[in-house]
Every structure is written in C-alpha cells, then in structure tokens.
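Subject: Handover of a structure

Dear colleague,

Please find below the structure that I am passing on to you.

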Amino acid sequence: MKDPVIVFDHVCKSYSLYHHITGGTKNLLFHLPSAVSAIRNSRYEALKDVSFELKKGEAFGIIGKNGAGKSTILGLIAGVLKPTEGRVTVKGQASALLELGAGFHPELTGRENIMLNGIILGLAKAEVLKKIDEIIEFSELAEFIDQPIRVYSSGMLARLGFSVVAHLDPDILLIDEILAVGDMEFQKKCIDKMTSFKKSGVTIIFISHSMPDVKRICDRVAWFDNHTIKMIGSTGDIVFSYAKQ
Ligand SMILES: Nc1ncnc2c1ncn2[C@@H]1O[C@H](COP(=O)(O)OP(=O)(O)O)[C@@H](O)[C@H]1O
Ligand SMILES: [Mg+2]
C-alpha cells in the first residue's frame, strides 16, 4: 500500500458565531453584554470530526448539499484554513481552484492575473513566463487576454482559473465546483485534462454537483452531510445512495 498523501485525523473547524448572527445588529446592540458573552461562548461548526485518507494518485470526489462543509475541506488541504481540532497532513504541492475569481484582481488583465496567480501559487516569474503561452492557448481567451478581467463573464473567469492551476505541475489538484459555469466544450476539455492528470499520478480532489462528471473522474467519493462525512466509498455506491435519498 502506498503512503497516504492527505490525512484528516478527527478534524473539526468552527467559526465564531459572530458570522452567523441572524437576529440583526440592532437586536445585538440592545442586548450587548449578553450578546457578547453568548458570542464568546458559541461556535458554529463548519466541520465536525472528519477523518479520511487519500493515497497518491487517487481521484476523490466530494459531494453534498450547499453548506455541508465541502469547500472547507479544500481550504484545509490548500492550507488557507487551519483546523480548530484534529490534524490535517498534506504531502506535496497543492494547486487549488477554490473559488471563481479568488486570487484574481479585477483591474488587472488576464495576462497579468496569470502572472500574479502563478507567483501566488509558488512559481518563479521566469517559470510562469515559460508557461504563459500554453496557459493562454488552453484558456482560448487570447482575444481578451490583455483586457481587465472585470469585463470577463463567469465562464471566462473559470477558463482562466482552470488554465492557470492546470499548468502548474501540481502534485495535488483541488477543483471546487468550477466547471459548472463553463460552456460544455470547455467542461469537456477540463475533464480530459483531469483524466490525463490522473494518468500521470496527480492526486485530485473534485467537488461537483454534476454526478456524471464525478463518475467520470473519481475513484472514490465522500458524501458530506450536516458538516461531516455521511458515507464514503466507491463512486458508484455513493453516487447511487446520494441520488436516491
Ligand atoms: N469564514 C467563515 N465564517 C463563518 N462561517 C463559515 C465561513 N466559511 C464557511 N462557513 C460556514 O461553514 C459551513 C460550510 O461551508 P462550506 O464548506 O463553504 O460548504 P459547501 O462548500 O459544502 O457549500 C457553511 O454553513 C458556511 O456558512
Ligand atoms: Mg462550496
């Protein structure tokens, strides 16, 4: 058995309830002392006691309702979030497409954003320059590449984002619900690219609401519900159970 490249060991992630106040600020101000102590003591659990392991080269799907905790998992793997309890171990360089437009600057051009993102994701400027033509070609955005990305549609942003992360030679590729906004042709191109990554031994974590895409890419799937893993197993079994709930 190969060593695991990603290990979640009884991981919990909670946020201060401050972010989840529903009564409104006015209400809060009128009852300030009691509200403050309530906030201090209450936490909102985004993830509860999550444990799983991924082997190198596995393609792992994460499915489940909005708010279930899927993106939090990717944030923890990418290292942009820290667990409140438990341990997350990651071996290798994770290249993440976490959110549409995250890490992009609206006033910079597509080309400038590629440079910026490449550097943020850990490449030297010279390395990004070497790859930039290939990235632009893959994105099929050459016509718009020297325009500020605030004029891009969400599909165009997804193209740019996927093209950047897919050309960074990642050990671990994290894709969060990004393909849904692209057109069909680009979705297919991304699926093909992920398939070739899989063949070359890249570990993939793929969050999607598209069960056909999940079936195409993933060997194993975790179904998240209510901030924890409800089921984990082979793609066929989990997708079947999820669909018939
Ligand atoms: N920065 C944050 N502050 C407070 N709560 C958050 C934060 N990020 C996520 N959450 C909450 O954690 C839960 C899980 O979020 P997320 O992982 O984004 O879910 P999913 O990707 O499955 O839709 C949600 O209820 C969300 O509101
Ligand atoms: Mg999400």
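**Overall contacts and build**

Among contacts in the protein chain between residues at least 6 apart in sequence, 73% join residues at least 24 apart; two residues are in contact if their C-beta atoms, placed from the backbone, lie within 7 Å. This is a predicted model, in which local features need pLDDT of at least 70 and side-chain atom pairs count only at pLDDT 80 or more, while totals for chains, interfaces and linings use all residues. Residues are numbered from 1 along each chain as its sequence is written, chains are lettered from A, and ligands are numbered from 1 in the order in which they are written.

The protein chain has 9 helices and 9 strands; helices (H or I, at least four residues) and strands (E, at least two) are DSSP runs, numbered from the N terminus. Of its 245 residues, 37% are buried, a residue being buried if 20 or more other C-beta atoms lie within 10 Å of its own, exposed if 12 or fewer, and partly exposed in between, with C-beta atoms placed from the backbone.

An open sheet of 3 strands has the order 2-1-4, with antiparallel pairing; two strands pair if DSSP finds at least two bridges between them. Strand 2 and strand 4 (85–90) stand at the edges with a single partner strand each, so one side of each has no neighbour in the sheet. From one strand to the next, the twist averages 20 degrees. Strand 1 (residues 4–16) is joined to strand 4 by 5 bridges, and V7 stands opposite T89 in strand 4.

Helix 3 packs on this sheet, where it touches strand 1, strand 2 and strand 4, and its direction makes about 115 degrees with that of strand 1. Axes are lines fitted to C-alpha atoms, for helices over the stretch in contact, and angles run from 0 to 180 degrees between N-to-C directions. Just after helix 3, G79 takes a positive phi of about 85 degrees.

**Ligand 1**

Ligand 1 is surrounded by 12 residues, the closest being Y15, A46, K70, S71 and T72; a residue is near a molecule if its C-beta atom, placed from the backbone, lies within 6 Å of it. Strand 2 (43–55) and helix 3 (70–78) each supply at least two residues of this shell, and the largest share, 3 residues, comes from helix 3.

Yours sincerely
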